[in-house]
Amino acid sequence: MPTFERFTMPDAGEGLTEADIVTWHVAVGDPVTVNQTIVEIETAKSLVELPSPFTGVVAEILAVEGTTVEVGQPIIVIDTDPTGAAGPVDAGAGAQDQDQEPAAEASDVPEESGSGAVLVGYGVATAGTTRRARRATEPSTPSVPDAVGQAAAPAPAPARTTTASPAPASPANARSTSAPSATVPSTPAGLTAPASAAVAPSARPASVVPALVHPVQSVTQVAPRPGTLAVRAKPPVRKFARDMGVDLSSVHATGPGGIVTREDVLAYSAQAQPRALATYVDDDAPWLATGQVSSDGRQTRVPVKSVRKRTAEAMVASAFTAPHVTVFHTVDVTKTMRLVARLREDREFTDVRVTPLLITAKALLLAVNRHPEINASWDEVTQEIVYKHYINLGIAASTPRGLVVPNIKDAHRLGLKGLAQGLADLTATARAGRTSPADMSDGTITITNVGVFGIDTGTPILNPGEAAILAFGAIREQPWVHKGKIKKRFVTQLALSVDHRLVDGALGSRLLSDVAAVLEEPSQALVWG
Amino acid sequence: MTDLLHQAHLAHESDAIDDVPLQLLAPDGSRVADERNAPYRARIADLDADALRGLLRDMVLVRAFDTEATSLQRQGELALYAPLLGQEAAQIGSGRALAPQDMAFPSYREHGVAYTRGVDLPQVLQLFRGIDHGGWDSEAHNFHLYTLVIGSHALHATGYAMGVQRDGLVGTGDPARDTAVIAYFGDGATSQGDVSEALGFAAVNNAPVVLFCQNNQWAISVPTSKQTRVPIYRRGAGFGVPSIRVDGNDVLAVYAATQEALERARTGGGPTFIEAVTYRMGAHTTSDDPTRYRTSEEEQHWRDRDPIDRMRAHLVAEGLWDAEHQAALDAEAAALGERVRTYVKGLGRPAASSMFDHVYATDHSLVTRESAWFADYEASFAETQGGHR
């Protein structure tokens with residue numbers, strides 16, 4: 001028989017409670033071996049690569065990239081005996097669940113919130129915390145025999161047959177397999193649980209509903225439901241649900257004593273429909289990776305976190321503490337373009353990328369060297385201006401994870417080639433999502449290359465703690481007065497925002513004018529270099 | 001009475017040249033022979049081919065264990081783990097110089113030393129899984145439990161050594177009786193008062209103790225340059241303790257220097273301070289992210305000085321190592337990794353009552369009472385649980 005093992009999110013630091021899934025290195029169907037890196041996660045402390053604890057074939061990936069997963073939640077299912085006969089995923093996984101998860105008084109403990117504490121000695125909240133016995137019988141304890149519960153809870157189609165799409169870990173199923181642990185004496189983690197694997201296959205009605213369940217939400221957003229074994233609903237509501245194609249076990253019950261009402265079914269149905277709409281046809285990835293779709297299907301609310309959150313905080317801090325002034329300059333960069341073309345042919349530069357941005361970065365470094373007062377920071381606490389004797393040149397980078405502004409340390413010491421290498425490294429690291437906090441800290445001045453989006457220029461907001469930021473616009477061929485005649489020339493626009501608390505318009509203008517002078521006539525660099 | 005004048009003189013005179021760590025193997029694996037290391041060369045002269053291969057085997061196995069343990073932490077099987085990656089030579093070289101009756105006091109990264117003391121490596125992980133305060137019988141192995149408090153065990157070791165001295169187990173001339181004590185700590189620990197106190201006590205009492213500092217360059221994120229203005233080994237001179245700086249990634253140099261120090265201790269010559277200059281190639285612990293405070297160039301610099309590569313290169317150059325040896329060792333390392341994994345996964349939970357077991361050496365009425373109360377309390381969960389996990 002195929003044996004399905006779940007790997008739950010570990011605590012990769014001491015006492016962490018959650019981590020973000022950054023990149024999966026494996027997909028459903030991939031073979032994996034013990035200790036092979038399968039996923040990269042980001043904790044509050046660091047980026048960490050997780051090695052697989054099992055050898056086998058990936059049966060199911062339970063958490064998509066970008067989601068935050070609590071420690072203890074399963075993230076992947078691996079079939080450790082893929083040559084065996086097919087069987088439903090959750091039978092095996094559920095069995096795992098069962099040995100690790102004690103039967104909680106589940107009326108207020110979401111069952112999916114963890115498959116047990118593999119970690120020991122730390123304060124991470126795991127599901128199934130045991131409580132002292134209450135003498136009175138719990139109203140929420142199963143009132144229906146186990147067998148009924150299993151029959152009512154459909155198992156989804158096995159993941160291996162649905163190939164690409166992560167098989168929805170149907171909440172119903174999780175319940176049907178974890179609930180029996182109420183009656184099975186729990187065993188130490190790691191031992192094989194008895195019997196339950198044999199139960200699930202028999203309970204597989206041709207339910208169609210799980211297909212509607214959003215793959216993400218089935219993992220991250222399962223509402224707490226009564227932990228009763230069977231769904232409690234009146235017969236007319238059951239029929240209504242069946243007619244609507246709604247799986248009762250997925251419905252959040254609000255009726256007295258945990259009964260599912262007709263309204264509950266309607267509310268669920270309304271919510272389920274737009275979820276399907278939010279997903280492109282034939283596309284496993286939902287349109288938005290996370291979020292809650294409104295009941296009319298016209299809005300999605302996404303929690304602000306991670307890079308988005310940090311960007312927002314930084315921009316608010318900057319925009320509302322530093323009074324911004326922006327100056328503009330339109331410049332003929334034809335000679336810079338010639339220089340770029342020539343350097344690309346140069347043997348010295350064969351292994352690095354020469355771009356107009358590189359020359360602009362160099363021009364900015366030279367200009368800062370002539371006006372070092374701009375390379376400074378306002379210290380509100382001590383009421384001092386901190387002048388930096390080094391240039392850590394920030395480059396605003398748009399990455400799949402959002403805006404990051406890593407900087408090239410001590411850029412003023414770099415020659416043109418070193419600078420090109422620095423730019424290449426920085427970009428590659430940012431694209432790979434590996435930019436570390438150290439890479440982003442202690443910047444002194446920044447370039448934002450809005451030109452790559454075909455934009456003329458913008459009024460950039462300062463990176464907090466810096467006094468100037470240069471926006472580099474798109475380079476276009478334009479008619480331009482050159483030596484008294486109208487010629488076709490390469491022209492671009494530069495914009496420089498400065499913190500007016502410490503930089504006056506005159507200084508900002510002189511700096512921008514110097515940058516423009518080098519771009520217009522690169523040989524000026526020989527004079528100023 | 002100790003000849004303090006003489007010792008102080010010794011330590012001072014050679015300061016300048018001794019800043020260069022003692023080396024018997026260059027990073028490329030070739031033997032280093034100069035006037036200064038001649039006495040140490042003599043100490044390894046009797047290491048035959050099997051002994052030399054054994055040192056490489058030890059280092060490779062310990063690293064295999066280390067890799068597996070790091071993975072197990074990432075898989076949620078261990079709460080925490082402190083990798084020794086990069087420090088194999090410092091630990092194996094010094095550990096293999098110990099005699100069976102010698103006593104070792106480790107900090108929490110000395111998995112290599114544990115191995116040389118006959119501790120079955122997987123047992124070490126009980127501590128890191130959080131199910132035991134130790135994991136081995138420290139008396140059976142003459143290997144104390146891991147000490148997590150930085151530097152405090154330097155004092156424990158010094159006190160233990162003074163006890164050995166008072167038991168008359170020093171300077172008897174019987175190599176099977178004469179006993180030395182060794183304490184392992186890091187560069188960061190030298191900033192703790194305890195280590196200075198230990199040096200002071202060890203010196204004035206002429207205690208048979210070797211204070212072995214693995215300077216792995218980083219005290220978590222604090223570099224050695226933020227700990228000391230002089231090379232760490234020179235601290236010893238101020239206390240009147242003979243000191244030596246050794247290349248900690250050179251297993252032969254570490255072996256020779258430690259053997260010399262242990263011999264001095266056993267024969268009544270008193271304490272020695274050893275600074276083994278090495279590098280922590282991995283994280284401080286699995287909770288640490290070293291990329292935040294050090295450069296990849298620095299890491300590469302030390303990867304090029306890998307202690308295992310160095311010893312292997314030496315054996316290959318001497319014609320003592322071939323593909324067959326390598327294949328056998330690789331298989332052995334893989335098997336150890338597998339065994340570690342199986343062992344850790346098979347560790348259950350200790351009975352909660354075991355926390356009362358070692359509070360006192362003998363029965364104690366208060367503890368007995370508390371133990372009984374706790375058992376009763378635990379039993380009250382049974383109705384919802386069917387027993388605790």
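**Figure 1. The annotated span 232-269 of chain A.** The end C-alpha atoms of residues 232-269 of chain A lie 18 Å apart, and the span is 47% helix and 11% strand. Helices here are DSSP runs of H or I with at least four residues, strands are runs of E with at least two, and both are numbered from the N terminus. An unreviewed UniProt entry lists these residues as "domain: Peripheral subunit-binding (PSBD)"; UniProt positions are given in the numbering used here, feature names are shortened, and annotations may be inferred rather than shown by experiment. This is a predicted model, in which local features need pLDDT of at least 70 and side-chain atom pairs count only at pLDDT 80 or more, while totals for chains, interfaces and linings use all residues. Residues are numbered from 1 along each chain as its sequence is written, and chains are lettered from A and ligands numbered from 1 in the order in which they are written.

**Figure 2. Chain A as a whole.** Chain A has 14 helices and 22 strands. Of its 529 residues, 42% are buried. A residue is buried if 20 or more other C-beta atoms lie within 10 Å of its own, exposed if 12 or fewer, and partly exposed in between, with C-beta atoms placed from the backbone. Among contacts in chain A between residues at least 6 apart in sequence, 67% join residues at least 24 apart. Two residues are in contact if their C-beta atoms, placed from the backbone, lie within 7 Å.

**Figure 3. An open antiparallel sheet in chain A.** Four strands of chain A lie in the order 5-4-2-7, with antiparallel pairing. Strand 5 (47-51) and strand 7 (68-70) of chain A are the edge strands, and each pairs on one side only. From one strand to the next, the twist averages 40°. Axes are lines fitted to C-alpha atoms, for helices over the stretch in contact, and angles run from 0 to 180 degrees between N-to-C directions. Two strands pair if DSSP finds at least two bridges between them. Strand 2 (residues 18-24) and strand 4 (residues 37-42) of chain A are joined by four bridges in the antiparallel sense. A:Asp20 has A:Glu42, in strand 4 of chain A, as its bridge partner.

**Figure 4. Helix 10 of chain A, residues 356-370.** This helix has 15 residues and reaches 21 Å from its first C-alpha to its last, close to the 21 Å expected at 1.5 Å a residue. The expected span is 1.5 Å times one less than the number of residues. Because 11 of its 15 residues are buried, helix 10 of chain A is largely enclosed by the rest of the structure. Among the buried residues are A:Leu358, A:Ile359, A:Leu364, A:Leu365 and A:Val368.

**Figure 5. An open parallel sheet in chain B.** Five strands of chain B take the order 1-2-3-7-6, with parallel pairing. Strand 1 and strand 6 (243-247) of chain B stand at the edges with a single partner strand each, so one side of each has no neighbour in the sheet. Neighbouring strands of this sheet are turned by 20° against each other on average, direction ignored. Strand 6 of chain B runs parallel to strand 7 (residues 272-277) of chain B, and five bridges join them. B:Ile244 stands opposite B:Ile274 in strand 7 of chain B. Helix 10 (residues 193-204) of chain B lies across strand 2 (181-186), strand 3 and strand 7 of chain B, at about 150° to strand 3 of chain B.

**Figure 6. The largest nonpolar core.** A nonpolar core is a set of buried Ala, Val, Leu, Ile, Met, Phe, Trp, Tyr and Cys residues joined through C-beta atoms within 7 Å. The largest one has 91 residues, and those with the most contacts inside it include B:Ala183, B:Leu211 and B:Ile274. Leaving aside neighbours within four places in sequence, B:Leu211 is in contact with residues including B:Ala154, B:Ala183, B:Leu199 and B:Phe273. A second, separate core of 49 residues includes A:Val404 and A:Leu423.

Figure 7. Most residues other than glycine have a negative phi. B:Gln217 is found in the loop between strand 3 (209-215) and strand 4 (218-219) of chain B.
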